[in-house]
Amino acid sequence: MIVALIIACEIGFWVLLAAGLALRYLAKMPRLGAAVLLCEPLMELVLLVVTTIDLKNGAAPDWKHGVAALYIGYTVAYGHYTIKWLDGHAAHRLAGGPKPAGAGYGRARVVHEWKLWARTVLAAAVGVGLLQAAIWYVGDAGDISSLRAWQSGALRAVAIHALVALGCTVWPPKEPGGAGEKPSPAHAGR
């Protein structure tokens, strides 16, 4: 049942997002669209409550509970960011708004990558915290190795994302075509 609920929450996220943006930009009902978008966190709350009830009713903690905890963490950290990003693109495509700025190049891109890493840290912290609460809740009575494994996985994701951000810091992406760069001596005379 938990897996079905996680899938339903993911589908619900995109359905509510599409409905909210359609109401805002196609139906010209921005307040109703915003209200629909604000319903997004309710799905995560339902998932958290159902997962807790499942554990309370004696379900053995396993990978489903780990996925639920990390899904909630991801949604907390990246949900608003995703909605804002898509809202900017919908405003541009559907309402003639300005084109959203990209991540940029050079220093701006490095800052962007470290901000994304901070979101990953938040997602992991929420997920690991929920998993730890489940571990304490289950106690010594159950096998908690699966939940511990999900905690380790979340921390590995933070470390891998840090390596990506560090790589971007060491080798910052440059604008395509070398815009803003000085011509090399071989091309200076052309």
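Helices H5 and H6 pack at an angle of about 170 degrees with their axes 9 Å apart, where axes are lines fitted to C-alpha atoms, for helices over the stretch in contact, and angles run from 0 to 180 degrees between N-to-C directions. H5 and H6 are therefore roughly antiparallel to each other, a label for angles over 145 degrees, while those under 35 count as roughly parallel, 65 to 115 as roughly perpendicular and the rest as oblique. This is a predicted model, in which local features need pLDDT of at least 70 and side-chain atom pairs count only at pLDDT 80 or more, whereas totals for chains, interfaces and linings use all residues. Residues are numbered from 1 along each chain as its sequence is written, and side-chain values use heavy atoms, with hydrogens and water left out.

**The H5 and H6 pair**

- The residues of the contact of H5 with H6 comprise 21 nonpolar, five polar and three charged; Ala, Val, Leu, Ile, Met, Phe, Trp, Tyr, Cys and Pro count as nonpolar, Asp, Glu, Lys and Arg as charged, and the others, Gly among them, as polar.
- Histidine 161 lies in helix H6, which covers residues 145-170, helices being DSSP runs of H or I with at least four residues, numbered from the N terminus.
- With a relative accessible area of 16%, histidine 161 is buried, since buried means under 20% relative accessible area, exposed over 50% and partly exposed in between, for a 1.4 Å probe and protein chains only.
- Apart from neighbours within four places in sequence, histidine 161 is in contact with Tyr78, Glu113, Leu116, Trp117 and Thr120, contact meaning heavy atoms within 4.5 Å.

**Helix H1 and its packing**

- Helix H1 (residues 2-26) and helix H4 (residues 63-95) pack at an angle of about 15 degrees, and their axes are 10 Å apart.
- That angle makes H1 roughly parallel to H4, and the residues of the contact of H1 with H4 divide into 20 nonpolar, three polar and four charged.
- The 25 residues of H1 should span 36 Å at 1.5 Å a residue, and the end C-alpha atoms of H1 are 35 Å apart, which agrees; the expected span is 1.5 Å times one less than the number of residues.
- The buried residues of H1 include Ile2, Leu5, Ile6, Cys9, Phe13 and Leu21, and the buried residues of this helix pack against helix H2 (30-37), helix H3 (40-56) and H4.
- Leucine 17 has its place in helix H1 and is buried, with a relative accessible area of 1%.
- Apart from neighbours within four places in sequence, leucine 17 is in contact with Leu37, Glu40, Ile83 and Leu86.
- Leucine 17 and aspartate 87 are 70 residues apart along the chain, and their C-alpha atoms are separated by 9.0 Å.

**Residues in the loops**

- Lysine 28, in the loop between H1 and H2, is exposed, with a relative accessible area of 58%.
- Phi of lysine 28 is near 55 degrees, a positive value in a residue other than glycine. Most residues other than glycine have a negative phi.
- Tyrosine 105 lies in the loop between H4 and helix H5 (106-138) and counts as partly exposed, at 39% relative accessibility.
- Apart from neighbours within four places in sequence, tyrosine 105 is in contact with Pro173, Lys174, Glu175 and Pro176.
- Tyrosine 105 and glycine 12 are 93 residues apart in sequence, and 34 Å apart in space from C-alpha to C-alpha.

Notes: Helix = DSSP H or I, 4+ residues; strand = E, 2+ residues; numbered from the N terminus.
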